[in-house]
Amino acid sequence: MTATRVLVLNSGSSSVKYQLLDMADRSRLAVGLVERIGEETSRLVHEPLTGAGARGGRRERLGPIPDHGAALRAVAAELAADGLGLDSPDLAAVGHRVVHGGTRFTQPTVVDEEVLAEIRSLIPLAPLHNPANVTGIEVARELRADLPQVAVFDTAFHSTMPEHVARYAIDAATAEKYAIRRYGFHGTSHAYVSRAAAALLGRAVEDVNVIVLHLGNGASASAVRGGVCVETSMGLTPLEGLVMGTRSGDLDPAVIFHLARVAGLSVDEIDSLLNKKSGLLGLCGDNDMREVTRRAGEGDEAAGLALASYVHRLKKYIGAYTAVLGRVDAVVFTAGVGENASAVREAAISGLEQLGLALDPEANAVRSPEPRLISPDHARVAVAVVPTDEELEIASQAYALVTQ
C-alpha cells in the first residue's frame with residue numbers, strides 16, 4: 001500500500017505548529033501546537049481528527065518543555081496515542097516550513113547533509129527563523145531517519161521575480177558579496193491563494209493575473225501573472241512593504257542613520273524598534289486589528305491614524321501592482337486580517353472604482369471559511385476572500401516531490 005500521509009512541521013523560535021494530513025483525500029488527521037518552548041509554562045495543544053483519540057477531542061498538556069527536541073518528541077507521543085505515530089508505514093514524508101532559501105532553493109527540496117548545511121549558512125538572512133527550522137529538521141531526522149524530510153521555502157514562490165525587480169539599486173559588488181536582494185516571504189500562502197483564486201474564477205491559473213494581499217500580524221502583497229510571481233512587497237527581510245502589526249514596512253533608510261546619530265540607538269535597538277515596536281503597535285499601542293478597528297470606530301484618534309496608515313499603504317500597493325500587471329483579474333484578501341476584517345477590506349477597496357474595483361456590502365459582511373467573491377457581478381475586477389492553507393500547500397509540495 002502506498003504511503004499517503006505527510007506530517008507538516010512549522011518550527012518557530014519558541015513554538016512548533018504541526019498538522020498530519022492524508023494526501024489521498026487532502027484530509028487532516030491531527031493538528032496541534034507547542035508554545036512557550038524553553039519556559040516553565042510550556043503548553044501543548046493536540047487535536048486528533050481521526051483515529052483512536054478522535055472521540056476524546058482536544059487535549060492540552062501544561063508544563064516545562066525545555067527545547068525543540070523535547071517538543072517534537074512530545075508531539076510524536078501524542079500522535080502515537082491516537083494510532084497516528086511517526087513509525088506508521090502510511091507516513092510518506094515530513095514537510096518543513098523553512099523561512100529563507102536564499103537564491104539556491106527555489107523548489108521543495110529533500111534534505112540531506114549538504115542541504116542542511118546550506119540552510120544553516122542562510123541563518124544570517126533569517127536569524128529568528130532558520131535556526132528553529134534547522135532544529136525541527138534535525139530532530140525529525142532523529143525520530144525517523146528513513147523518512148524523507150522535505151524543506152519548503154517561504155522565499156521560493158517569489159524567486160521568479162525578474163532581476164530588475166529583485167535587485168536593490170546599490171553597489172553591485174557589495175550586494176553580491178552579502179547576498180543583498182529582495183527575496184519575499186509568505187510564499188507558500190501566495191502560491192496557494194493565487195491558484196485557489198483562479199479556481200474560484202473558474203479559469204486556468206495560466207490565464208489569470210491576481211494581486212494577493214496576505215494580511216496577518218505580518219503582511220505582504222504580491223503580483224502574480226499567470227501563476228508566476230513578478231513582484232512582492234517584502235524584501236531582504238520581512239520588514240519591507242506594508243504596515244504590519246509590529247513592523248514599520250516601507251521606510252526611508254536614512255531614518256536608521258538618524259536614529260543612530262541623533263538618538264544614539266544601537267543597531268540592535270533600531271532593529272527591535274522597527275520589527276517589534278512599530279506598525280500598528282507603534283502608532284496606537286495595539287497590534288490586534290480587531291482592537292484597532294474597535295477603537296477607531298469609537299473615535300480614538302491614534303487608532304484612527306493607525307488604521308488610515310494601514311489602509312493607505314494597501315491602496316498604494318494595489319495601485320502599483322495594477323500598473324505592474326497591466327491587467328488585473330482579481331484582488332484577493334487572505335490570512336487573519338484579510339479573511340476576517342470586513343472593514344479593512346471595505347476601506348482598502350473604497351475609492352478604487354477607476355481601477356475597476358468595487359465591493360458588494362452584503363457579500364463583504366459574510367463570515368465563512370470558504371473561498372468567496374465579495375465584488376458585485378458588474379465589477380471589472382473581481383475582489384475575493386480566499387482562506388489560506390499553508391500547511392496543505394507544504395504537504396502538497398512535499399508529497400509531490402517524494403512520489404515523483
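Here is a short walk through a predicted model, from its sheet to its aromatic pairs and then to one glycine.

Let us begin with the open sheet, whose eight strands follow the order β5-β4-β3-β2-β1-β6-β8-β7 with mixed pairing. Its edges are β5 (59-62) and β7 (109-110), each of which pairs on one side only. Helix α15 (residues 390-402) lies across β1, β2, β3, β6, β7 and β8, and runs at about 125 degrees to β6.

Now for the aromatic rings, where a search of the whole structure finds two pairs. The rings of F105 and F153 have centres 4.7 Å apart and planes at 5 degrees, so this pair is stacked. Because F105 sits in the loop between β6 and β7 while F153 belongs to strand β8, the pair ties together parts 48 residues apart in sequence. F105 is buried, at 3% relative accessible area, and F153 is buried too, at 2%. The rings of Y317 and Y321 have centres 5.5 Å apart and planes at 85 degrees, so they form an edge-to-face pair. Both tyrosines lie in helix α11 (residues 301-325), four residues apart, or about one turn of the helix, and both are buried.

Finally, turn to G245, in the loop between β11 (228-232) and α7 (254-261). G245 counts as buried because its relative accessibility is 2%, under the 20% cut-off. Beyond its neighbours within four places in sequence, G245 is in contact with N217, S278, G279, L280, L281 and N287. G218 is 27 residues from G245 in sequence, with 6.3 Å between their C-alpha atoms.

Technical notes:
Residues numbered from 1 in each chain as written. Predicted model: local features only at pLDDT ≥ 70, side-chain atom pairs only at ≥ 80, totals over all residues. Heavy atoms only, no water. Helix = DSSP H or I, 4+ residues; strand = E, 2+ residues; numbered from the N terminus. Buried < 20%, exposed > 50% of the residue type's maximum accessible area, 1.4 Å probe, protein only. Contact = heavy atoms within 4.5 Å. Pairing = 2+ DSSP bridges. Axes fitted to C-alpha atoms, helices over the stretch in contact; angles between N-to-C directions. Phe/Tyr/Trp six-rings, centres within 6.5 Å; stacked < 30°, edge-to-face > 60°.
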